[in-house]
Amino acid sequence: MRVLAAGLLLAIAGCTGGGGGDSATRNEPQTASALTIAVAGDEGTLTPYTYTTGYAGYSLMSLVFDTLLVLDTGNRATPLLATGVSTSPDSTVFTLPLRTGVNWHDGKPFTADDVVFTIDYYRKHDTVRFATPLATVTNVKAQDGAVVITLSRPDPEFPVRLLADMPVLARHIWSGVADPEKAPLSAAVGTGPYRLTDYQPDRRYELTANTTYPIGKPRIDKLTVSVIPEQQTALASLRTGEVHLVADEVPPNLKDQLAQQPGIKVATGSNFSSTLLAFNDGKAPFNRVEVRRAISAAIDTTDLVDTVLLGEGAVGSPGFWHPEAPGADAGLKHTHDPAAAAAALDAIGAAPGADGIRVLDGKPLAFELLVYADSPDRVRAAELITEMLGKIGVRTTVRSMDADSVDARVWPDFDVTNGRDYDLAIWGWAAPTMIDYAKLAALVATDAKLGHLNVTGIADTELDAAAKQLLETTTPTDRQAAAGRLQQLLAAKTPFVTLYYPAGAYAYRSDVFAGWVYQQGRGPLNKHSLVALPG
């Protein structure tokens with residue numbers, strides 16, 4: 001059995017350090033009686049079914065609800081509600097001894113039965129992200145103060161992708177919640193370091209320190225979360241001291257200006273979110289790898305980072321994986337070569353027409369490029385890509401739409417079995433994708449159960465074989481090696497073009513609280529900032 005004991009690290013996801021966040025200087029406050037955090041939108045009742053965004057919604061929800069394990073700042077799984085985890089040699093059985101002396105916010109004791117109930121509940125009400133890794137669970141049982149989980153197939157990443165991500169629910173409360181999507185405020189009862197004590201929809205939240213939290217001491221007595229949709233308003237409130245952290249990322253053009261103001265600092269670090277040019281790979285001509293490669297070679301990703309992000313980000317890897325994420329193939333580099341792109345299109349008979357637009361198989365290479373209207377950097381990227389592709393005889397027409405409309409065409413109902421209706425789209429995936437190697441398989445597998453993130457519709461036997469091989473690995477080492485091979489295939493097959501990874505930058509009042517801890521790919525709003533966790 002491979003064992004994670006309390007205080008030891010399970011280096012499944014690897015570690016590249018704690019991110020580039022600011023460390024507090026001497027005499028800056030590491031505790032405070034109260035803080036105000038600005039978020040851009042309402043996050044529902046802060047339950048696992050009702051929060052809206054991954055950041056800041058999940059981050060706030062995780063202050064109320066605990067997981068069995070927790071990711072440290074390097075994204076390694078460490079103990080939380082469980083004191084450790086032992087894993088069978090084939091990575092199908094996970095045994096988690098549970099911490100004693102933990103109570104729910106209403107005073108009732110936390111037990112193994114709550115964990116068993118939680119897994120069954122998520123599997124029954126499977127509209128949460130935790131349901132996907134739980135699909136392989138064949139048995140879960142309470143045993144001598146521990147929980148034993150058995151899977152139908154090996155999953156060496158299970159501690160990272162599920163055990164450190166799945167909030168545990170109180171059986172005595174959630175057994176009475178028939179429609180979790182409408183979970184009321186009374187369901188927001190967890191074991192976490194903060195209790196949700198007030199919620200005014202679209203206006204504010206109040207979270208109060210759980211003074212009996214046995215895992216670590218909360219650093220702040222009261223957190224007020226203000227919903228401020230306009231970023232400029234939120235930053236103005238930061239400048240005046242009414243707000244102490246703005247959860248939204250700081251635009252690159254304002255970063256230096258904010259950092260120069262007394263009492264304000266900007267925490268920076270790796271942001272594992274990605275921005276892609278997605279092809280509809282099931283639709284001609286994008287079903288031809290030569291076309292996809294040519295379009296990729298015509299795009300200057302360095303120029304996108306410099307122009308769109310003002311240098312505050314990293315150039316995309318053709319293997320998708322962020323270069324600072326664990327297991328990245330650092331040898332994979334994007335190639336910008338418009339001449340080679342034009343020659344490749346010539347070679348397959350895509351000759352320029354009278355208007356300069358190339359024609360392939362009787363159809364002009366003219367496409368619609370979808371982009372979120374409320375994302376200025378993506379809109380600008382789409383405009384620049386249009387100029388770049390025009391130089392090789394490919395015409396794109398940028399269509400800015402609201403996010404829901406773009407999602408409905410690229411990923412209808414967030415279900416790849418519903419197909420897709422687009423040519424090209426500026427797309428992207430959230431940061432947690434980069435700490436779960438199985439997500440690489442999910443991006444490209446033809447089988448919708450395995451490829452639940454395959455929004456491009458790529459269908460390739462080599463990618464399928466590599467994805468299957470990755471998912472069949474039984475050890476962290478073998479899985480990382482398989483992920484490396486899949487990255488190389490992604491670079492060769494080009495089902496999409498990874499354009500860039502924006503850097504994370506978050507402004508806060510260091511003169512009020514300087515204890516923010518930047519978690520790689522997740523930013524400063526996390527448990528590690530607000531609670532003195534062990535280890």
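This is a predicted model: local features need pLDDT of at least 70, side-chain atom pairs count only at pLDDT 80 or more; totals for chains, interfaces and linings use all residues.
Visitor: What makes the protein chain as compact as a globular protein of its length?

Guide: The protein chain has 16 helices and 23 strands. Its radius of gyration is 24 Å, and since the globule rule gives 24 Å for 535 residues, the two values are close, so the chain is as compact as a globular protein of that length. Taken along the principal axes, the box filled by its C-alpha atoms is roughly 75 × 55 × 40 Å.

Visitor: Why is strand E23 called mostly covered?

Guide: A residue counts as buried when its relative accessible area is under 20%, and in E23, which spans residues 504-509, six of six residues are buried. Across the 535 residues of the protein chain, 56% count as buried.

Visitor: Which residues of E23 point one way, and which the other way?

Guide: Gly-504, Tyr-506 and Tyr-508 point one way, while Ala-505, Ala-507 and Arg-509 point the other way, and all of them are buried. In a regular strand, side chains alternate between the two faces of the sheet.

Visitor: How do you know that strands E13 and E23 pair?

Guide: Pairing requires at least two bridges between two strands, and six bridges join E13, residues 264-269, to E23; therefore the two strands pair. They run antiparallel, and Ala-267 has Tyr-506 as its bridge partner in E23.

Visitor: What share of the contacts joins residues at least 24 apart in sequence?

Guide: Among contacts in the protein chain between residues at least 6 apart in sequence, that share is 71%.

Key:
Residues are numbered from 1 along each chain as its sequence is written. Side-chain values use heavy atoms; hydrogens and water are left out. Buried means under 20% relative accessible area, exposed over 50%, partly exposed in between (1.4 Å probe, protein chains only). Helices (H or I, at least four residues) and strands (E, at least two) are DSSP runs, numbered from the N terminus. The radius of gyration is taken over C-alpha atoms; the globule rule is 2.2 Å times the number of residues to the power 0.38. Contact means heavy atoms within 4.5 Å.
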